Amino acid sequence: MLAQQELMELYRSLEDQPTLSVYVDGDQHDPAARSAWRTRLEGEVNRVRDALDGGDEVAFEAAWERVWKEFRDYEEGFLPGAGMAAFATADRLVHVARFPVAPPTLVRWEQGLRAAPYVRVLKQDRPVVVSLTDRERARLFRYKDADLHELPSLVADTAMGDLGEASVTKRGGRSSGRRGETATDQAQRILEVSADRLLAHVAQRLEEEAGAEGFLVLGGTQETIAKVHGNLSRHMAERTVHRASLHLEMPLPEVRSAVRAAASELTETLQEKLVDQVFDQARSGGKGALGREATIQALRERRVDTLLLSRDFVSSDPDLADRCVGTAFAQGAGVEEVGGAQGARLTHEAEGVAARLRFRIRSENGQEH
């Protein structure tokens, strides 16, 4: 599956080429309807065929043959994952992806690829990195594309030798060498320093694994969660949730279930902040645009930093949604499809589309718009 930057680059590379875009909803579980996806796909393909004329037919059939080869092995059964996408031109298969969430079934033969349905699954590409910690050990996990992978654990360096024996040999008593400090005190101090180093290293590894777009889930004891959080950068601290219910010896299936729920929560929180920011900026005359007219104008003027589309808008007006996504990609803007309560807010208060802007334009009379 492509990341957003990769999708953007692929979109740009195909802008001037007739391209077949195929999305298939394969999220089926009833054995009696295991090949229903194929019936829906064939209906979409035939609809496109009926609209073709002239030389397009030969190019379309060549592209379709390349795509169908990727689906043929599954024609009597279920698709792998919840769905698939494939892009092809007459002379090459460009990209095939399996999706952990279902896209709508759709077939388009047009200049450039159809990108808007792909945006829905982009959030699955954001890694969620998990740590389960105590003062001596940390288990790390990476969740991406609905798959949980355990990373190498980190262990505190608690080696301190035989402190009791060393202190007796050197000083003839229980002192460890620091005035008023016993061997027990020294051992405790070394353990605390070791734990602090471990948790600082955990925070560093989490940020490395998550990158700029990832999320973090911190589990373990309340003390170690707080210390890991305290070592994070401000950017990552804002993309983090705490889960003290996740403990160090938790089985992998339980971790997967908890992380899946946390990932949804983090995505909703991120989208809520983004929607709030855009609405506040737009209504105060700042760097925000609400509604179709204002957002399309900003896209034309190449002022968009992040385009927001409600799921309802993408479903109800797919052609306009795709033009918006394509124009956003052409100027290097990010795109976020918003569902749930924030998606409904976009639909009802902004006609399903809004944007965070890079800048506003100052008119000749000094007014910004």
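These notebook entries record what I looked up in a predicted model.

**Entry 1. Conventions**

I worked with a predicted model, in which local features need pLDDT of at least 70, side-chain atom pairs count only at pLDDT 80 or more, and totals for chains, interfaces and linings use all residues. I number residues from 1 along each chain as its sequence is written, and side-chain values use heavy atoms, with hydrogens and water left out.

**Entry 2. Aromatic pairs**

A pair of aromatic rings is described by the distance of the centres and the angle of the planes. I took rings of Phe, Tyr and Trp (its six-membered ring) as paired if their centres lie within 6.5 Å, with planes under 30 degrees apart counted as stacked, over 60 as edge-to-face and the rest as tilted. I found eight aromatic pairs in the structure.

I looked up Tyr 23 and Phe 87, which form an edge-to-face pair with 5.9 Å centre to centre and 70 degrees between the planes. Tyr 23 belongs to strand E1 (residues 18-25) and Phe 87 to strand E2 (residues 83-88), so this pair ties together parts that are 64 residues apart in sequence. I then checked burial, where buried means under 20% relative accessible area, exposed over 50%, and partly exposed in between (1.4 Å probe, protein chains only). Tyr 23 is buried, at a relative accessible area of 0%, and Phe 87 is buried at 0% as well.

**Entry 3. A charge over a ring**

I counted a charge as over a ring if NZ of Lys or CZ of Arg is within 6 Å of the ring centre and within 35 degrees of the ring normal. Arg 345 lies over the face of Phe 279, 4.2 Å from the ring centre.

**Entry 4. Pockets**

Rolling a probe the size of a water molecule over the atoms shows where empty space is left. On a 1 Å grid over the protein atoms alone, where a 1.4 Å probe fits, a pocket is an open set of points with protein on both sides within 12 Å along at least five of seven lines, and lining residues have an atom within 4 Å of a point. Grid points are joined across faces, edges and corners, and a volume is the space filled by probe spheres set on the points.

I read a volume of about 800 Å³ for the largest pocket. Its lining has 33 residues, of which Arg 126, Glu 213, Arg 239, Leu 270 and Glu 336 lie nearest the centre. Among the elements that each supply at least two lining residues are helix H1 (4-13), helix H4 (116-122) and strand E11 (304-310). Helix H9 gives the largest share of this lining, seven residues. I sorted the lining into 11 nonpolar, 10 polar and 12 charged residues, with Ala, Val, Leu, Ile, Met, Phe, Trp, Tyr, Cys and Pro as nonpolar, Asp, Glu, Lys and Arg as charged, and the others, Gly among them, as polar.

The second largest pocket has a volume of about 460 Å³. It is lined by 25 residues, and Lys 123, Gln 124, Ala 263, Ser 264 and Thr 267 are the closest to its centre. H9 again provides the largest share, seven residues. This lining divides into nine nonpolar, seven polar and nine charged residues.

**Entry 5. Strand E11**

Six of the seven residues of E11 are buried, so this strand is largely enclosed by the rest of the structure. I took two strands as paired if DSSP finds at least two bridges between them. E11 runs antiparallel to strand E13 (residues 353-357), with five bridges, and parallel to E12, also with five bridges. Leu 309 has Val 353 as its bridge partner in E13 and stands opposite Glu 337 in E12.

How values were computed:
Helices (H or I, at least four residues) and strands (E, at least two) are DSSP runs, numbered from the N terminus.
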